[in-house]
Amino acid sequence: MIQPQSAPNTKSTNDINWGIIAPGKIAQKFATALQGVNGAALYSVASRDLSRAHAFADQFGFETVAADYDALISDPKVDVIYIASPHTFHTEQSIACLAGAKPVLCEKPMSINAKQAQSVFTAAKDNKTFYMEAVWTRFMPMLAKVREIIDSGRIGEIQTAQASFGIDVPFSPQHRLYEPKLAGGALLDVGIYTITFAQWLMQTPPEQITAAAQLGTTGVDERTAVILRYPEGQLLTLNSAINSKSNHEAWIFGSKGRIKMSAFWQCQEIALYPDGADGEQEIIKIPHRINGYEGEIEEVNRCLRAGKIESEIFPWSESLTVMQIMDEARRQIGLRYDCED
Ligand SMILES: NC(=O)c1ccc[n+]([C@@H]2O[C@H](COP(=O)([O-])OP(=O)(O)OC[C@H]3O[C@@H](n4cnc5c(N)ncnc54)[C@H](OP(=O)(O)O)[C@@H]3O)[C@@H](O)[C@H]2O)c1
């Protein structure tokens, strides 16, 4: 039974015991954040390779290691599991945790398609157990600031917006980003941030989705562009790539002004142009308290202490809409993964 949080900066039996499945690259950043979050304990790690679990546990100060993933799920002292494996394992591992009544924070994309995502939500509901997709972007304090500016009317009505997330990863057919068996490609890995940005901004599903892509030699989308049209005619242009770097900006263009969000998926700085092209530029900075992953961890802790199975800040319906948009985009660009058949 999870108890109310202990006083800040004190280790307590009321701390929430976190376990990690698949201690790879992103898990390292996550564990760094976990070290700095009050009320969260680094409890256990599970890897397919026990020596990797031990090395990770020693590096970050976890209390113990599990013999394997199943042992982590069945450990009664584990309060919540963070899943950090490649995309194709997320659905199955989430459902295994939920079936064992273990709350889950699972890396993005939560599944490969909307049908798989629905099966995860069903498992969470059936087992009355918390589930959230780990989209750290949704918990950046800057999002609340941008929303406040939009709601204040300073940039007027939203007319268009754009977001771009392109990285340049040297080609290797073994790299998970180029490997179709691991559901590689730009859209599911980095494009998801642009779609999540769109969904957060517009708060309603688009009425038209148009996608184009450059598929590479392994068959995955190396570059994808998506245009979303919303009911009042707003147009959002979203670009992603795994073989070409972009400026990583999001822009929101309103009838009276505009906002530039730098490195929008981990945004710590925005520029506000309240009076159109000729207006003065106002810079607003909100730095991460740790490394940016603290927000999603704190939200999970808050939800668990409140006995919730879903976050109202980042509800399942939002993850599902993002997945449905990506399903339609992939249908249009002709990208289907073997694991979907
Ligand atoms: N939120 C973010 O900012 C962010 C950033 C990067 C990535 N991600 C997401 O995090 C996930 C992992 O990305 P990553 O870059 O951390 O991956 P990674 O380092 O390549 O792999 C993570 C772990 O997954 C397991 N794994 C790797 N390849 C596997 C395979 N072929 N079969 C089964 N298990 C395998 C391994 O765990 P074991 O030790 O158990 O073998 C590995 O340590 C992806 O879904 C990605 O979208 C999120």
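Student: Which strands does helix H7 lie across?

Tutor: This is a predicted model, where local features need pLDDT of at least 70, side-chain atom pairs count only at pLDDT 80 or more, and totals for chains, interfaces and linings use all residues. Residues are numbered from 1 along each chain as its sequence is written. Helices (H or I, at least four residues) and strands (E, at least two) are DSSP runs, numbered from the N terminus. Helix H7 (residues 186-202) lies across E7 (158-166), E9 (221-229), E10 (235-241) and E11 (250-254), at about 160° to E10. Axes are lines fitted to C-alpha atoms, for helices over the stretch in contact, and angles run from 0 to 180 degrees between N-to-C directions. Contact requires C-beta atoms, placed from the backbone, within 7 Å.

Student: What is the strand order of the open sheet?

Tutor: Strands of a sheet pair through backbone hydrogen bonds, either parallel or antiparallel. Pairing here needs at least two DSSP bridges between two strands. The order of the 8 strands is E8-E9-E10-E7-E11-E12-E13-E14, with mixed pairing. Strands E8 (208-215) and E14 (282-285) are the edges, each pairing on one side only.

Student: In which sense do E13 and E14 pair?

Tutor: E13 (residues 269-273) and E14 are antiparallel over 4 bridges. Leucine 272 has glutamate 282 in E14 as its bridge partner.

Student: At what angle do H4 and H5 pack?

Tutor: H4 (residues 90-99) and H5 (residues 114-126) pack at about 10°, with axes 9 Å apart. H4 is therefore roughly parallel to H5; angles under 35 degrees count as such.

Definitions and conventions: Two residues are in contact if their C-beta atoms, placed from the backbone, lie within 7 Å. Angles under 35 degrees count as roughly parallel, over 145 as roughly antiparallel, 65 to 115 as roughly perpendicular and the rest as oblique.
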